[in-house]
Every structure is written in structure tokens, then in C-alpha cells.
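User: I have a structure to look at and would like to go through it step by step. Can you take my questions in turn?

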Amino acid sequence: MESMQRQFDQDHNLDLVEKDFTINTVAGAMKAFFSELPEPLVPYSHQIELVEAFKINDRDQRVHAMKDILRRFPRENYDVFKYVINHLNKVSQNNRLNLMTSENLSICFWPTLMRPDFTTMDALTATRTYQTIIESFIHQCAFFFYNQPLSDTPGGHASPTATLSSHGGTSAYSSLAYNSPSLTPAPAPYVMPATPPVIPHYGPPHTQIQHSPPHTPQSPIQALLPPLHPHHPPTEQHML
């Protein structure tokens, strides 16, 4: 990651694909860049306003209040924040492959984008609110940045609780996915296979072990006698 940062500082047109950097390296470098800024991408003064707006019970009033606060961002912050959120929204659209829903992405990126002061009790108690605010921006990217209608139904890029809720306070999304039986089908019953599965053997070939009968120690006299055949009666020599 440090090598990529050095190369990028020397050439801002660095081709990341040609250099064959891993996805984790690129994502880590981007998060490091935002964490090293003198001020977070979401300004501290606007964070307080967003938290207060998030407490509004009415969904439409809440998201429009958040949108008004977003428009008051400094121009540079707004442009970069729009670019980042738009990119994360595109990533979430492939969540069937990458498992990165808007909720998972917000968990990964909200501490970097907002960087609250965790030395205060208010910041510690509002961590879930910060995360859900970023989740709202990612999921409702078209509404916040492109003046499109709100997405009221869970989409391919949405988290399981994607619909904005009118309950306010704890989450920006309703519990529709958990309350609707049609969205949570029951698992199919397990059926025992007719024959047990064959487990392949990947080690060295099995060898048949020949088991010898247990050895019975002989007395000194028995050692001097000829062996006793099982079908022949004992002789006088054996009876001695």
C-alpha cells in the first residue's frame, strides 16, 4: 500500500490495473488518504446537524433535512463525497457477488469518512447513527445527488433493511425484510441421501495389515520339543 501511495504521488495518472495492485491495497490506500486529512470528509459541524436531522420521525422530512445539510458542505467536500458515495453505490449493486451491501460498505467506511471524536460519550453512543447515515447516503445515492425519487423497495444493491423507516432514531431502514414472510422463505427440509456419500481418499494408498496371532511365550522344555500338529494326538514325548 505504501508503494502504491509513493507511485501515485509521483504520477497521478497511475494505472492501478496495469500495476496489478490488489483490491484490498487500493481500498486500504483510499481509506488511509481520508484518515490522514486534517478534517474529515464529512465536516464535524455538519455531522452534528446530520445526527439531529436523523432524529426526525417523519421519513420524508428526515431525508430532505439531510439533503439540505449535504448541500451546505464545502464545495470540495461535496464533490469528493459525491464521487465516493456514487462509487460505493456501484459496488453495492454487485453485492450478490462481493457480499458488499450498502450496510456492509457503511460499516467499513463510516469511521474513515466521519472520524468522530471517540473521547466523548456522545460520539460513542451515536456510532450506530453515524453508520446508518452513511448507509442512507449509499442506498439513496440517486435521491441525494441526482434528484431522483426515493427508493422505497429493497433493490439489488440494498441491504436487508433497505426501505427508509418512519420510526427514526435507531435505523434509517424499516424492518420490512424481517417482518414479511414472503421475503424470508423457510429453509427446505433436509432429506437423508439413499446411500452414504463416498469420501475420497487423498493420502497414500491403503495397505492391508496382516495381523499375526498373539505370541505365547514357551517354557524352556517346550522349546526343545517338536511342534505339536493340531490334527495329531500328543506323543509320549509331548506328555513328558
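What follows is a set of questions and answers on this structure.

User: What kind of model is this, and how are residues numbered?
Analyst: This is a predicted model, in which local features need pLDDT of at least 70 and side-chain atom pairs count only at pLDDT 80 or more, while totals for chains, interfaces and linings use all residues. Side-chain values use heavy atoms, with hydrogens and water left out, and residues are numbered from 1 along each chain as its sequence is written.

User: How many helices and how many strands are there in the protein chain?
Analyst: Helices (H or I, at least four residues) and strands (E, at least two) are DSSP runs, numbered from the N terminus. Along the sequence the pattern reads α-α-α-α-α-α-α-α-α-α-α-α-α-α. The count for the protein chain is 14 helices and zero strands.

User: What percentage of the residues in the protein chain is buried?
Analyst: Buried means under 20% relative accessible area, exposed over 50%, and partly exposed in between (1.4 Å probe, protein chains only). The protein chain has 240 residues, and the buried share of them is 33%.

User: Is histidine 46 buried or exposed?
Analyst: Histidine 46 is found in helix 4, which covers residues 44-54. Contact means heavy atoms within 4.5 Å. Leaving aside neighbours within four places in sequence, histidine 46 is in contact with Ile69, Arg72, Phe73 and Pro74. Its relative accessibility is 10%, so histidine 46 counts as buried.

User: At what angle do the axes of helix 4 and helix 10 cross?
Analyst: Axes are lines fitted to C-alpha atoms, for helices over the stretch in contact, and angles run from 0 to 180 degrees between N-to-C directions. Angles under 35 degrees count as roughly parallel, over 145 as roughly antiparallel, 65 to 115 as roughly perpendicular and the rest as oblique. The axes of helix 4 and helix 10 come within 10 Å, and they cross at roughly 85°. Helix 4 is therefore roughly perpendicular to helix 10, given the crossing angle of roughly 85°.

User: How is helix 6 oriented relative to helix 10?
Analyst: Helix 6 spans residues 75-92 and helix 10 spans residues 127-139; their axes come within 8 Å and cross at roughly 75°. Helix 6 is therefore, relative to helix 10, roughly perpendicular.

User: How many nonpolar, polar and charged residues are in the contact of helix 6 with helix 10?
Analyst: Helix 6 contributes Phe81, Ile85, Leu88, Asn89 and Ser92, while helix 10 contributes Ile134, Phe137, Ile138 and His139. Ala, Val, Leu, Ile, Met, Phe, Trp, Tyr, Cys and Pro count as nonpolar, Asp, Glu, Lys and Arg as charged, and the others, Gly among them, as polar. The residues of this contact divide into six nonpolar, three polar and no charged.

User: How far apart are the C-alpha atoms of phenylalanine 21 and methionine 4?
Analyst: Phenylalanine 21 lies in the loop between helix 2 (16-19) and helix 3 (23-35). Leaving aside neighbours within four places in sequence, the contacts of phenylalanine 21 are Met4, Gln7, Leu14, Leu16 and Val26. Phenylalanine 21 and methionine 4 are 17 residues apart along the chain, and their C-alpha atoms are separated by 7.9 Å.

User: What is the phi of aspartate 20?
Analyst: Aspartate 20 is placed in the loop between helix 2 and helix 3. With 65% relative accessibility, this aspartate 20 counts as exposed. Although aspartate 20 is not a glycine, its phi is positive, at about 60°.

User: How many disulfides are found in the whole structure?
Analyst: A disulfide is a covalent bond between the sulfur atoms of two cysteines. In the search, a disulfide is a pair of cysteine sulfur atoms within 2.5 Å. Cysteine 108 is partly exposed at 33% relative accessibility, whereas cysteine 141 is buried at 3%. For the whole structure, the number of disulfides found is zero.
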